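User: I would like one part of this model examined closely: the side-chain packing and pairing, together with the spaces between them. Please go through it in one connected account and give the values as you go.

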Amino acid sequence: MKTYQHFIDGQYVDPLGGKWLDTVNPYSGEVWARIPDGCERDVDRAVQAARRAMTEGPYAKMTPTQRGKLMVRLAELVAANAERLAEVEVRDNGKLYSEMKGQLDYHPEWWRYYGGLADKVEGAVMPVDKPDHFGFTTHEPIGVVGALTAWNSPLLFVAWKCAPAIAAGCAVVIKPSEFASASTLEFAALTKEAGFPDGVFNVVTGLGASTGSALVDHPDVAKITFTGSDVTGARIYAQAAKTMKRVTLELGGKSPNIVFADCDLDKAAAGAISGIFAATGQTCIAGSRLLVQNSIREDFIERVAKLGATARRGDPMKPDTNIGPVTTPPQYRKVLDYIDIARKEGARCILGGKPATDQPGGQFVEPTIFVDVTPQMRIAREEVFGPVLSVIGFEDEAEAIRIANDTIYGLAAGIWTENIGRAMRVSKAIKAGTVWVNTYRSISYLMPFGGMKHSGIGRESGIESIRGYLETKSTLISYAEGAPANPFVMR
Ligand code: NAD
């Protein structure tokens, strides 16, 4: 069994408290490694290393161009190690190898993009409205960044958070999910190999309520960037306020996937499946509410159910597997609880609806579809984070928009229509950070990603994201000659 260590100040080190956590392969149910259960002192050690990196030593003196070059080198190393890292992720979170390898192959783009952006952060010279004054802005790194990530795509989140943070000149301390920490710890070695000075990139593992919370409380952390549930996000938001930390929160969703009668039905059916059964439904952007126009409802549901029934369960490492296990035991119980709740509330199950017992590990759920769902039911309002689809009918565009927006969440939405006017009207009316038209689950390093309403605060990816790791400074210089100005009035 493999034993991992924290990565602090450029070294792998044992936890100071001497405690460890088992890490389980969700497919086999076997403990395959142990990770440090970090204590406050481990967190402090990592934060101090990050602070030192930003204030002393080579990183503090590096030009943005030099930082960018290291980031591009890191991109090449990730590309060369994509297979190995993807395998670790599958062992840790049980998601499909094809999905994780795809993510790892794409991951380097964030380092390349933000590496290129590092030396393009420009301030401005303002035409100051005061005689003999020169005014300009600069953008400075915000400080040490604490990153908390979820288990479903650990290294993708590392890229989304750390690439813009490092491009901005920050140093980071990451606390990955206790359910899937191994890949982030393995990744850390690549930052050293790429040539990043010690302390720029640190990883401390452990439980959210202790290790994670210590990072949020730490007075030398300037910003928390978090990916996880809205319940934890709200707690962190409140906790971070005590030390006035900046926050970026990437939270959950209950995204509507809206199918109009005029769409390409085959494409929309594939889009509906990819929205909910890909990644076993364990994605923040799951299209878990399928809104179907009543005139095609019966026909469309039949298509989706037929396609859904073809999903092959099995070993996530095998290329022909479509559905893997649910990643964690609490998540598995939660998914089954929601299936019970949906039945009790009167929704009708037309596919799946029970544990799948034909696989090892004991954490498989059959891909499940509920019809006759009403917008008031809990299954239509709460995030399940599993392969459970709720189908809701609608009459016209106005009703589709009303139902789509009738949620506390606003992460993503899908619209399926061949009518460009409708696509524009509906995408404009929907309160969501990302709207897909005739596609679903399409993510790019160039496109800002994040949530409205309870789905979060701030955006990741795209140029916008780097702003979240910078503070703007205004400098005003007077070159006036003569007597001093009146000191008792504002200039
Ligand atoms: P979670 O909220 O339980 O945990 C996320 C991270 O926060 C973990 O590292 C955890 O250890 C840590 N944490 C937990 N409690 C903490 C506390 N009190 N203080 C500090 N840190 C704490 O989420 P999860 O179960 O790992 O992930 C699933 C959730 O993540 C879903 O709701 C999903 O929608 C959301 N998610 C959002 C996005 C996005 O980009 N918007 C992406 C993926 C997942």
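Analyst: Val158 belongs to helix 7, which runs over residues 154-167. The model is a predicted one, and in it Val158 has a relative accessible area of 0%, so this residue is buried. Along the chain Val158 and Ala241 are 83 residues apart, and their C-alpha atoms are separated by 24 Å.

The aromatic side chains come next. The structure holds 17 aromatic pairs. One of them joins Trp436 and Tyr440: the ring centres are 4.7 Å apart and the planes meet at 55°, so the pair counts as tilted. Trp436 is buried, and Tyr440 is buried as well. The two values quoted for this pair follow from how such contacts are reported, because a pair of aromatic rings is described by the distance of the centres and the angle of the planes. Ring pairs also link a cluster made of Tyr106, Trp110, Tyr113, Tyr114, Phe157, Trp160, Tyr445 and Phe449.

Rings take part in contacts with charged side chains too. The charged end of Arg91 sits over the ring of Trp32, at 5.0 Å from the centre of that ring. Lys223 lies over the face of Tyr469, and here the distance to the ring centre is 4.7 Å.

What about charge against charge? Side chains of opposite charge can pair when their charged atoms come close. Over the whole structure, the search finds 25 salt bridges. Glu471, at 31%, is partly exposed.

The salt bridge between Asp299 and Arg303 has its closest N and O atoms 3.7 Å apart. Here the two partners both belong to helix 12 (residues 297-309) and are four residues apart, about one turn of the helix. Asp299 is partly exposed, with a relative accessibility of 37%, and Arg303 is partly exposed at 29%.

In the salt bridge between Arg422 and Glu397, the closest N and O atoms are 2.8 Å apart. Arg422 is in helix 16 (residues 420-429) and Glu397 is in helix 15 (residues 397-405), so the pair connects parts that are 25 residues apart in sequence. Arg422 has a relative accessible area of 18%, so this residue is buried. Glu397 is buried too, with a value of 17%. Through shared partners, salt bridges join Asp262, Glu397, Arg422 and Arg425 into one network.

For the cysteines, the count of disulfides comes to zero. Cys263 has a relative accessibility of 9% and so counts as buried. Cys284 is also buried, with a relative accessible area of 17%.

That leaves the spaces. The largest pocket has a volume of about 940 Å³. Its lining consists of 38 residues, and the closest to the pocket centre are Trp151, Phe226, Gly228, Ser229 and Thr232. At least two lining residues come from each of helix 9 (208-217), strand 11 (221-227), helix 10 (230-241) and helix 13 (329-344). Helix 10 gives the most to this lining, with six residues.

Which closed spaces are there? The structure holds four cavities of 30 Å³ or more. The largest cavity contains about 60 Å³ of space. Thirteen residues line the largest cavity, and those nearest its centre are Ala286, Ser288, Glu383, Val384 and Phe385.

Notes: Residues numbered from 1 in each chain as written. Predicted model: local features only at pLDDT ≥ 70, side-chain atom pairs only at ≥ 80, totals over all residues. Heavy atoms only, no water. Disulfide = S-S within 2.5 Å. Buried < 20%, exposed > 50% of the residue type's maximum accessible area, 1.4 Å probe, protein only. Salt bridge = Lys/Arg side-chain N within 4 Å of Asp/Glu carboxyl O. Phe/Tyr/Trp six-rings, centres within 6.5 Å; stacked < 30°, edge-to-face > 60°. Lys NZ or Arg CZ within 6 Å of the ring centre and 35° of its normal. 1 Å grid on protein atoms, 1.4 Å probe; cavity = no way out; pocket = protein on both sides within 12 Å on 5 of 7 lines; lining within 4 Å. Points joined across faces, edges and corners; volume = space filled by probe spheres on them.
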